Amino acid sequence: MDERFEQPERESRGASGQPDTTSRSESGRDPERERLLRETQMEIDRMKAAAMEEIKSSTAAYIQMQVQQACAMAEARTRARIFMEEQEKTARSKEQSRQFSRLGLVLFAFMGVAFAAQLVLIVIMMLVGLVGGLDVDFENQTVQIVISAISMYGVAFPVAALLMRLIPKQGRPGGESWSAMKLTACFVICIGIGFVGILLSQFVDALFPAGGDGVQPEDMMTGVGMLLNIAMVVFAAPIVEELLYRKMLIDRIAAYGDGVSVVVSGLLFGLAHGNFSQFFYAFGLGALFAYVYIKTGHIGYTIGFHMFFNLIGGVFTVELNKGLMEVRDPAGMVARLEQIFGVDLGPVVPLVCNALLTLYLVMSVVCAVGGLVILISRRKEIVFRPGEKPMVWGRRFSAVVLNPGVILYLLLCAGLFWMSSLA
């Protein structure tokens, strides 16, 4: 080959024999190569972005699926818990309803046995009178009181106490220690409740007068001797009623809450009296005594309150009314005072009795106002505990009332109210 053509090529190589790129570098980079690099980089960036989007989408879908599964499981657990709670509430309400039904049956049996025992005693006394030639005056108030007391306290109460032993106890009344001042305040409230209850009874009698002119409970006590009245009203009645309607009853429903125990005890006790003349103050006193017992656990407190209240309202005022009406009772309070002091109080008896009755009325008004002040000033101290087995909200009425035992008891009490309205 001609050296003239080879010489430029040799000159274009460096000393090392490698191609000389100095001239191309100096003239700038290759545009085509730069374009390819940019396109490649852009494709790589698009692939990275697509991959990241795919990863993000997959992660979001996975997270969303996990969240949905967690929500479904939480909802299922919540539904299961709600179902179990409803089942537990239903079972608890049924058990409480059965408990109240048993108690209602016992109280129904108590009153039913008392009525049956009265009929049996009347028949026996009639037979004894026929055989022995005795004429028993069943219209005599003393005879009626004795028959009623023997039937209720001597026959019906032991039967009810035995039946109560078959019903399991639910809860235990609290063991609070009350001071003498607090107990005195309760007694003031007790007298005030009695006064307000009597006013309500008179108001109801004025609105719905009785259809007959039968003997009222207070009139019956007026025709009974003082000693018999003390035995029945001051001792027998408070002991039996507090044991039955407070201790035995509340010991079996205390776990359902203080409020339920107080209302049920007071209401059942008030209805047991069978007339509006005694219902209101009996309900109020029963609720107060129930509160005292469920807080302290000492039935002796309520028996003492009941005895003292009956002594004032059922004996003291009755004897004063006798003196005011100049009813001479050889065994009465006036006769006893005459024997003690050896003087004839006949001329001044009506005046003294009227003055004492006025004093009693003033004391009752003061106690009513004072009791209201005490309740308002100490309202924060009046706490009703929910109990170990609280009643289900919205099912209290059905559990307490809508059961066979309580319905029978209420029907019996309604019959007594109806009979008293006709008397």
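**Figure 1. Crossing of helix 4 and helix 7.** In this predicted model, helix 4 and helix 7 cross in a left-handed sense. Their axes come within 11 Å and cross at roughly 25 degrees. This angle is under 35 degrees, and helix 4 is therefore roughly parallel to helix 7. On the side of helix 4, the contact is formed by Thr142, Ile145, Val146, Ala149, Tyr153, Phe157, Ala160, Ala161 and Met164. Helix 7 contributes Leu228, Met232, Ala236, Ala237, Val240, Glu241, Leu243, Leu244 and Met248. Classified by residue type, the contact of helix 4 with helix 7 comprises 16 nonpolar residues, one polar residue and one charged residue.

**Figure 2. The largest nonpolar core and the surroundings of Phe110.** The largest nonpolar core contains 45 residues. Phe100, Phe110, Leu244 and Tyr245 are the members with the most contacts inside this core. At least two core residues come from each of helix 3 (31-132), helix 4 (141-164), helix 7 (226-250), helix 8 (258-272), helix 9 (276-296), helix 13 (396-400) and helix 14 (404-422). When neighbours within four places in sequence are left aside, Phe110 is in contact with Met152, Ala156, Phe157, Ala160, Leu244 and Tyr245. Of these partners, Phe157, Ala160 and Leu244 also take part in the contact between helix 4 and helix 7.

**Figure 3. Packing of helix 9 against helix 10.** Helix 9 and helix 10 (residues 299-324) pack at an angle of about 155 degrees, and their axes are 8 Å apart. Because angles over 145 degrees count as roughly antiparallel, this is the relation assigned to helix 9 and helix 10. Their crossing is right-handed.

**Figure 4. Packing of helix 7 against helix 9.** The axes of helix 7 and helix 9 are 10 Å apart, and the two helices pack at an angle of about 45 degrees. Helix 7 is therefore oblique to helix 9. The crossing of this pair is right-handed. In helix 7, the residues in contact are Glu242, Arg246, Lys247 and Ile250. They meet Gly286, Phe289, Ala290, Tyr293 and Ile294 in helix 9. The contact of helix 7 with helix 9 has five nonpolar residues, one polar residue and three charged residues.

Figure 5. Asn229 lies in helix 7. With a relative accessibility of 3%, Asn229 counts as buried, the limit for this class being under 20%. Val318 is situated in helix 10. Val318 likewise counts as buried, at 4% relative accessibility. Asn229 and Val318 are 89 residues apart in sequence, and their C-alpha atoms are 9.5 Å apart in space. A further C-alpha separation, of 7.9 Å, is found between Asn229 and Gly314, which are 85 residues apart along the chain.

Figure 6. Leu311 is placed in helix 10. Its relative accessible area is 34%, so Leu311 is partly exposed. The C-alpha atoms of Leu311 and Val233 are separated by 7.4 Å, although these two residues are 78 residues apart along the chain. With neighbours within four places in sequence left aside, Leu311 is in contact with Val234 and Phe316.

Figure 7. The protein chain has 14 helices and zero strands. Of its 423 residues, 35% count as buried. Among contacts in the protein chain with a separation of 6 or more, 83% are between residues 24 or more positions apart.

How values were computed. Residues are numbered from 1 along each chain as its sequence is written. This is a predicted model: local features need pLDDT of at least 70, side-chain atom pairs count only at pLDDT 80 or more; totals for chains, interfaces and linings use all residues. Side-chain values use heavy atoms; hydrogens and water are left out. A nonpolar core is a set of buried Ala, Val, Leu, Ile, Met, Phe, Trp, Tyr and Cys residues joined through side-chain atoms within 4.5 Å. Buried means under 20% relative accessible area, exposed over 50%, partly exposed in between (1.4 Å probe, protein chains only). Helices (H or I, at least four residues) and strands (E, at least two) are DSSP runs, numbered from the N terminus. Contact means heavy atoms within 4.5 Å. Axes are lines fitted to C-alpha atoms, for helices over the stretch in contact, and angles run from 0 to 180 degrees between N-to-C directions. Angles under 35 degrees count as roughly parallel, over 145 as roughly antiparallel, 65 to 115 as roughly perpendicular and the rest as oblique. A crossing is left-handed if the near helix is turned anticlockwise from the far one by less than a right angle, and right-handed if clockwise. Ala, Val, Leu, Ile, Met, Phe, Trp, Tyr, Cys and Pro count as nonpolar, Asp, Glu, Lys and Arg as charged, and the others, Gly among them, as polar.
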